[in-house]
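Subject: The structure you asked about

Hi there,

Here is the structure I promised to send over. Have a look at it first, and then read on for my notes.

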Amino acid sequence: MESESAYDVVVVGGGPAGSTLATLVTKRGGRVLLLERERFPRHQIGESLLPATIHGVCRLLDVFDDVEQAGFVRKRGGTFRWGRNDEPWTFDFGKASVNKALNFTYAYQVERSRFDHILLQNARRHGVEVHEEATVGALVEEAGRVCGVRWVESGQERVARARYVVDAAGHQSRFHQRAGKREYSKFFQNVALYCYYENAGRLPAPNSGNIFSVAFDEGWFWYIPLSDSLTSVGAVVAKEHADRLRGDPEAAMRSFVDKCPRIASLLSSGTRVSSGPYGSYRIRKDYSYTNTAFWAPGLVLIGDAACFIDPVFSSGVHLATYSGLLAARSILTCMQGRLDENESFGEFERRYRQEFAVFYEFLLGFYDMHQDEESYFWKARKVLRSDDRDNSAFIQLVAGMGTTADDFFGLRGESGEMLQLLVDAVADPVEGGKRRQERLASLPADARQLAERAASAPNEAGRGIIAQALPERFGAVREALSAPEPTTAHIVPSRDGLYWERRQPETTQLTSS
Ligand code: FAD
């Protein structure tokens with residue numbers, strides 16, 4: 001006989017998206033069931049992470065220290081042999097003003113089996129009821145609303161009812177169809193062939209932990225150091241080559257490596273791993289797609305279940321965890337009756353699409369191999385509407401900070417860390433506007449000193465971030481620093497980062513006056 005139980009939220013899938021959402025909802029008292037088809041640790045691709053995940057979401061999840069102590073390879077940035085310039089070029093996350101202001105200056109290269117396991121264990125520790133080897137087979141619906149799932153564990157079929165069902169089942173999700181249609185990009189229809197090497201070479205210090213991305217005639221390579229001895233190597237090529245990859249992966253990989261002298265040279269000291277979880281060639285379709293809708297009554301799609309973008313900027317885990325954060329906020333906000341579902345889930349979808357769109361729009365230009373890095377940086381400035389003159393917009397975008405910065409401020413402000421960051425943020429002094437100068441002059445001495453330091457953060461976004469993150473008692477400083485342009489966003493994250501709230505009309509007035 002079927003057993004039945006009731007929850008606030010049922011999450012389908014225990015990857016980064018699912019465990020992020022489950023942990024955050026549980027942190028604010030929600031009762032959450034997470035069902036994962038496999039037993040962790042399990043293999044997954046997507047090993048190069050972004051600073052927004054490590055310093056933003058992992059801190060909110062209280063798992064930052066565990067990740068820091070896991071011994072993963074530190075990633076300062078990326079190195080590309082890309083475009084018409086034959087020489088590799090490198091970017092450092094720490095060079096962009098917004099990243100610097102928030103201290104989002106590095107990320108990690110991770111074995112996903114270990115990283116995902118850390119996040120799932122953390123969810124358990126926070127009180128999420130996690131079942132592994134538990135497969136969801138169908139959604140349960142009543143009166144046009146999703147209200148639960150049918151799932152199977154140890155051969156027994158069960159029903160779990162919930163106010164919200166979260167589809168975090170990744171690219172293989174079938175439940176996304178309940179919300180809308182999956183639409184594939186015309187441009188990014190690639191296939192990846194990848195494997196692992198032992199004792200292969202490294203880029204020279206200080207870039208030895210960077211991802212190395214190398215374009216060649218048929219596509220591009222990733223080269224990711226996962227430990228001192230283990231390297232993930234993958235070739236991403238157009239779908240026309242798929243049969244060749246499946247027929248003889250070894251020969252296909254050899255022919256790709258032969259076309260990339262830089263990759264060939266790094267691999268020359270190494271041996272392909274031929275046993276254990278990293279012992280075989282793997283092939284993954286990686287077509288980019290978005291669902292026409294990211295939610296329906298009672299159902300929310302996060303991570304790859306909602307959308308996926310070509311991995312050249314390692315954005316997958318960032319989008320998965322960031323969407324987990326956004327959707328958790330929407331669920332918690334509705335559970336408390338603070339906003340209605342249309343507004344709350346509308347805000348989740350708007351922000352998730354916006355961050356996806358930034359990567360997508362930028363990638364369209366990045367795949368044009370006839371350009372050099374300066375034109376890519378220009379394109380990034382255009383996409384982010386930035387007036388920076390250097391490569392800051394590019395770095396901000398590829399750090400996962402293109403549209404997300406205000407999602408993480410509250411967090412830094414709450415911890416008191418922001419004050420120290422304010423002091424550290426002084427760089428490239430810029431001319432403050434006359435109005436700001438006047439406001440600064442009217443402040444009490446201690447506040448003025450603080451504000452002057454913060455005002456020299458190198459761009460409007462940086463100052464805005466700092467302003468928002470300041471504790472209440474520095475309200476006057478906040479005003480002085482606020483961006484002169486009125487913002488159109490009227491729903492903003494709460495200071496603890498876990499709810500949505502309406503922007504107070506007074507704030508809009510202050511920033512626009
Ligand atoms: P997943 O990690 O896929 O997790 C979904 C989970 O749901 C799985 O554990 C699965 O077992 C479970 N599940 C599925 N169906 C059910 C069911 N019916 N019942 C219960 N459980 C179920 N991203 C990066 O950040 N960096 C990279 O370098 C990178 N490289 C990539 C390279 C390639 C070739 C590809 C294809 C992707 C790459 N990605 C990268 C993207 C990354 O792999 C994904 O974006 C990320 O794993 C998405 O996380 P998720 O939690 O949405 O889904």
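Let me start with a question: does Ala143 count as buried or exposed, and at what relative accessibility? Ala143 counts as exposed, because its relative accessibility is 88% and the cut-off for exposed is over 50%. Please keep in mind throughout that this is a predicted model.

**Backbone points**

You will find Ala143 in the loop between strand 8 (134-142) and strand 9 (145-153). Asn199 has a positive phi too, near 60°, and lies in the loop between strand 12 and strand 13. With a relative accessibility of 47%, Asn199 counts as partly exposed. As background, most residues other than glycine have a negative phi, and most peptide bonds are trans.

On the subject of peptide bonds, please look at two prolines. Phe40 and Pro41 are joined by a cis peptide bond, with omega at about 0°. Pro41 sits in the loop between strand 2 (32-35) and helix 2 (51-60). The bond from Ala205 to Pro206 is cis as well, its omega being near 5°. Pro206 belongs to the loop between strand 12 (190-198) and strand 13, which is where Asn199 is found.

Next, strand 4, which covers residues 77-81 and has 5 of its 5 residues buried. In a regular strand the side chains alternate between the two faces of the sheet. Here both faces are covered: Gly77, Thr79 and Arg81 are buried on one side, and Gly78 and Phe80 are buried on the other.

Strand 4 has a pairing with strand 5 (residues 89-92), antiparallel and over 4 bridges. It also pairs with strand 13 (residues 211-216), this time in the parallel sense, again over 4 bridges.

**Salt bridges**

Side chains of opposite charge can pair when their charged atoms come close. How many salt bridges does a search of the whole structure find? The search gives 26. Here are some to look up.

Arg81, from strand 4, forms a salt bridge with Asp86 at 3.9 Å, N to O. Arg81 counts as buried because its relative accessibility is 12%, and buried means under 20%.

Helix 10 (residues 341-366) holds the pair Glu347 and Arg351. Their closest N and O atoms are 2.8 Å apart in a salt bridge. The two residues are 4 apart in the helix, so about one helical turn separates them. Both Glu347 and Arg351 are buried.

Arg353 and Glu349 also lie in helix 10, 4 residues apart, or about one turn of the helix. Their side chains meet in a salt bridge at 2.9 Å, N to O. Arg353 is partly exposed, with a relative accessible area of 27%, whereas Glu349 counts as buried at 13% relative accessibility.

Finally, one group goes beyond a pair: Arg39, Arg124, Glu132 and Glu133 are linked in a network of salt bridges.

Enjoy looking around, and do write back with any questions.

Best wishes

Key: Residues are numbered from 1 along each chain as its sequence is written. This is a predicted model: local features need pLDDT of at least 70, side-chain atom pairs count only at pLDDT 80 or more; totals for chains, interfaces and linings use all residues. Side-chain values use heavy atoms; hydrogens and water are left out. A salt bridge is a side-chain nitrogen of Lys or Arg within 4 Å of a carboxyl oxygen of Asp or Glu. Buried means under 20% relative accessible area, exposed over 50%, partly exposed in between (1.4 Å probe, protein chains only). Two strands pair if DSSP finds at least two bridges between them.
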